[in-house]
Amino acid sequence: MEDRIVRHDEVELYTESFGNPGDPAVLLIMGAQASHIWWEEAFCAKLADAGRFVIRYDNRDTGRSSGCEPGNPAYTFEDMADDAMHILDAYGIAQAHIVGISMGGLLTQILALRHPGRVLSVTLLATSNFAPDLPPMEEKVLAFFAQAADIDWANDEAVVEFGVDKWRVLAGSAHPFDEGRVRELAREEVKQSEDMARINNHGLLSGDESYLARTAEITAPALVIHGTEDPIIPLPHGERLADVIPGAALLRLPGTGHEVHPDDWETILGAIVRHTGQA
């Protein structure tokens with residue numbers, strides 16, 4: 001694994017790469033309020049061992065990347081999508097396979113529409129085009145995030161506990177919740193972040209509205225992967241994406257929540273390797 005800071009304009013993006021730069025490139029885009037570490041290192045290494053050059057990175061306002069004052073993000077979803085292109089440019093990659101989860105899946109859709117010539121394929125995990133007739137997130141998720149304003153974001157232990165509790169709420173019933181593993185990752189995330197309160201800026205972003213209505217225009221080969229027990233973006237969201245994007249394939253993960261659980265890695269990685277190989 002090698003790390004690199006990608007700079008464009010006044011933005012700095014922390015990136016890490018795995019594997020042989022001569023292999024097909026796969027750019028991993030994480031979801032809201034989460035840094036690159038939730039694409040776990042072992043997951044990335046397995047994908048690299050399968051013959052892919054893998055890049056994971058911190059979105060703005062997470063980890064070691066540039067951020068804004070909490071409550072005042074001076075960027076849009078379009079800017080975040082363009083960040084991904086700047087990363088590919090910095091690595092000298094003309095075209096890549098894009099894999100995004102949750103908000104990262106939204107950014108992946110924007111990329112496929114905004115920069116179609118750079119996108120070889122898209123893999124959309126636990127995400128949506130948020131059509132108005134789709135079901136809302138579960139009440140337990142709304143109740144949990146309503147308490148975020150009460151967190152002392154300067155207290156590292158409180159933030160770690162918030163992170164552990166968040167992933168517990170988002171988990172499905174198919175796999176045991178590994179609190180030790182999640183706590184270790186949450187501690188590492190806090191350790192690497194200059195200001196964890198910045199992650200809340202993702203909930204204030206705009207700039208996706210025009211793209212969400214254009215999902216059917218995506219021409220890149222698409223794979224949709226969705227847990228059947230996702231409490232924040234319910235399964236019908238993934239099913240709708242697969243219906244709307246021409247030629248898209250759908251992989252359901254029985255009993256999985258809003259997560260990339262190690263027990264699902266073999267299934268997810270196998271599907272990504274096949275999909276990117278065909279594309």
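Over the face of which residue does arginine 4 lie? Select arginine 4 and tyrosine 91: the arginine lies over the face of tyrosine 91, at 4.1 Å from the ring centre. A charge counts as sitting over a ring if NZ of Lys or CZ of Arg is within 6 Å of the ring centre and within 35 degrees of the ring normal.

The model is predicted, with residues numbered from 1 along each chain as its sequence is written. Local features need pLDDT of at least 70, side-chain atom pairs count only at pLDDT 80 or more, totals for chains, interfaces and linings use all residues, and side-chain values use heavy atoms, with hydrogens and water left out.

Next, select arginine 64 and tyrosine 14; the charged end of arginine 64 sits over the tyrosine ring, 4.6 Å from its centre.

Turn now to the sheet. Eight strands form an open sheet in the order E1-E2-E4-E3-E5-E6-E7-E8, with mixed pairing. Strands (E, at least two residues) and helices (H or I, at least four) are DSSP runs numbered from the N terminus, and two strands pair if DSSP finds at least two bridges between them. Strand E1 (2-8) and strand E8 (249-253) stand at the edges with a single partner strand each, so one side of each has no neighbour in the sheet. The twist averages 20 degrees from one strand to the next; axes are lines fitted to C-alpha atoms, for helices over the stretch in contact, and angles run from 0 to 180 degrees between N-to-C directions.

Select E1 with strand E2 (residues 11-18): seven bridges join these antiparallel strands. Valine 6 has leucine 13 as its bridge partner in E2.

Finally, select the aromatic residues. The whole structure holds eight aromatic pairs; rings of Phe, Tyr and Trp (its six-membered ring) pair if their centres lie within 6.5 Å, with planes under 30 degrees apart counted as stacked, over 60 as edge-to-face and the rest as tilted. Phenylalanine 43 and tryptophan 265 are edge-to-face, at 5.6 Å centre to centre and 75 degrees between the planes. Phenylalanine 43 lies in helix H1 (residues 41-49) and tryptophan 265 in helix H9 (residues 265-278), so the pair ties together parts 222 residues apart in sequence. Both residues are buried (under 20% relative accessible area; exposed is over 50%, partly exposed in between; 1.4 Å probe, protein chains only).
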